[in-house]
Structures are given as structure tokens and as C-alpha cells.
Amino acid sequence: QVQLVESGGGLVQPGGSLRLSCAASGISLSMYYGMGWFRQAPGKLRELVATVSNLGRINYADSVKGRFTISRDNAKNTVYLEMNSLKLEDTAVYYCNMQLVGDPRYDYWGQGTQVTVSS
């Protein structure tokens, strides 16, 4: 059974930094999976934050470009999100996602980790 477990969320002041991690168990050959981070703020729809393809192509939401960095470690089945210069509007539950390239049946989500930016 596939399980994605996020960690690293918490409370941080504006301008601060956090590093999120998402480790997958039950997935073999994670090199064939696209990986990404999404977030959902209260009363809003879930939105894309950043993705990294199986080939290493990276995409960021405009709102986080220059502040967030996504990376992956296939050997550890893990995807990371380094978040710097955090703003109040970055407050949300952050979810990681892994999807087997070319087969949407194998689409997995973590349980979410809360990130709160507050002074």
C-alpha cells in the first residue's frame, strides 16, 4: 500500500523559512513518478505550488517563484519544498502528490501539513 507522509510544517513569522519533506512508502521506481506540492487555504480551492517531473523539469506557481524551491531524491522516494521569505498569504495546508507518468490510476496524495505564517 502506498503512503505519502509529509513533515516540516509549522508556525513561522513573515520572512521566515520552512522546509517540507514528503516521503513515500510502497512505491518502487519513484524515478518514473512526477512529484509536486499543492496547497489549500481556508475557503479556497487547492492550488499548485510546484512540480518536478520524472525528467527533472520544474514548474512553479507565479506566487512562489524566487522564494520556493522544489527538489527530489529518487533514492529516498522523497520530494522536498524549501520555502523562504514566507508571507502571510502562504498560510495553508500543504499536500504532496506523486503520479506515475502516463498512468493517472497511480496518483497518490499525502495527508497534508499545516503551514502558518503569522506575526
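User: How many bridges join β4 to β9, and in which sense do the two strands run?

Analyst: A word on the source comes before the answer. This is a predicted model, in which local features need pLDDT of at least 70 and side-chain atom pairs count only at pLDDT 80 or more, while totals for chains, interfaces and linings use all residues. Residues are numbered from 1 along each chain as its sequence is written, and side-chain values use heavy atoms, with hydrogens and water left out. Strands are DSSP runs (E, at least two residues), numbered from the N terminus, and two strands pair if DSSP finds at least two bridges between them. Here β4 and β9 run antiparallel and are joined by eight bridges. Within this pairing, Gly36 stands opposite Asn97, and Met35 has Met98 as its bridge partner.

User: Which strand pairs with β4 over five bridges?

Analyst: That strand is β5, again in the antiparallel sense. Arg39 stands opposite Glu47 of β5. The two strands form a hairpin with six residues between them, and Gly43 in the turn has a positive phi of about 75°.

User: Which strands pair with β9 over three bridges?

Analyst: One is β11, which pairs with β9 in the antiparallel sense; there, Tyr94 has Thr113 as its bridge partner. Another is β10 (residues 107-109), also antiparallel to β9 over three bridges, with Asn97 opposite Trp109. β9 and β10 form a hairpin with six residues between them, and Gly102 in its turn has a positive phi of about 85°.

User: Which residues other than glycine have a positive phi here?

Analyst: The general idea is that most residues other than glycine have a negative phi. In this model, Asn77 has a phi near 55°, and Ser85 has a phi near 50°. Asn77 is in the loop between β7 and β8, whereas Ser85 lies in the loop between β8 and β9. To describe their surroundings, we call a residue buried under 20% relative accessible area, exposed over 50%, and partly exposed in between (1.4 Å probe, protein chains only). Asn77 counts as buried because its relative accessibility is 15%, while Ser85, at 41%, is partly exposed.

User: Why is β4 described as largely enclosed by the rest of the structure?

Analyst: The reason is that seven of its eight residues are buried. Contact means heavy atoms within 4.5 Å. Leaving aside neighbours within four places in sequence, Gly36 is in contact with Ala50, Thr51, Ile70, Tyr95, Cys96 and Asn97.

User: Which residues touch the most other members of the largest nonpolar core?

Analyst: A nonpolar core is a set of buried Ala, Val, Leu, Ile, Met, Phe, Trp, Tyr and Cys residues joined through side-chain atoms within 4.5 Å. The largest one here has 30 residues, of which Trp37, Val79, Leu81, Met83, Tyr94 and Met98 touch the most other members. The elements giving two or more residues to this core are β3, β4, β5 (47-52), β7 (68-73), β8 (78-83), β9 (92-100) and β11 (113-117). With neighbours within four places in sequence set aside, the contacts of Leu81 include Leu18, Trp37, Phe68 and Tyr94.

User: How many salt bridges does a search of the whole structure find?

Analyst: Side chains of opposite charge can pair when their charged atoms come close. A salt bridge is a side-chain nitrogen of Lys or Arg within 4 Å of a carboxyl oxygen of Asp or Glu. The search finds six. Arg39 and Glu47 meet in one of them, at 2.7 Å from N to O. Arg39 is buried at 5% relative accessibility, whereas Glu47 is partly exposed at 36%. Asp90 also forms a salt bridge with Arg39, the closest N and O atoms being 3.0 Å apart. Asp90 lies in the loop between β8 and β9 and Arg39 in β4, so the pair ties together parts 51 residues apart in sequence. Asp90 is itself buried, with a relative accessible area of 0%. Arg39, Glu47, Arg67 and Asp90 are linked in a network of salt bridges.

Technical notes
Helices (H or I, at least four residues) and strands (E, at least two) are DSSP runs, numbered from the N terminus.
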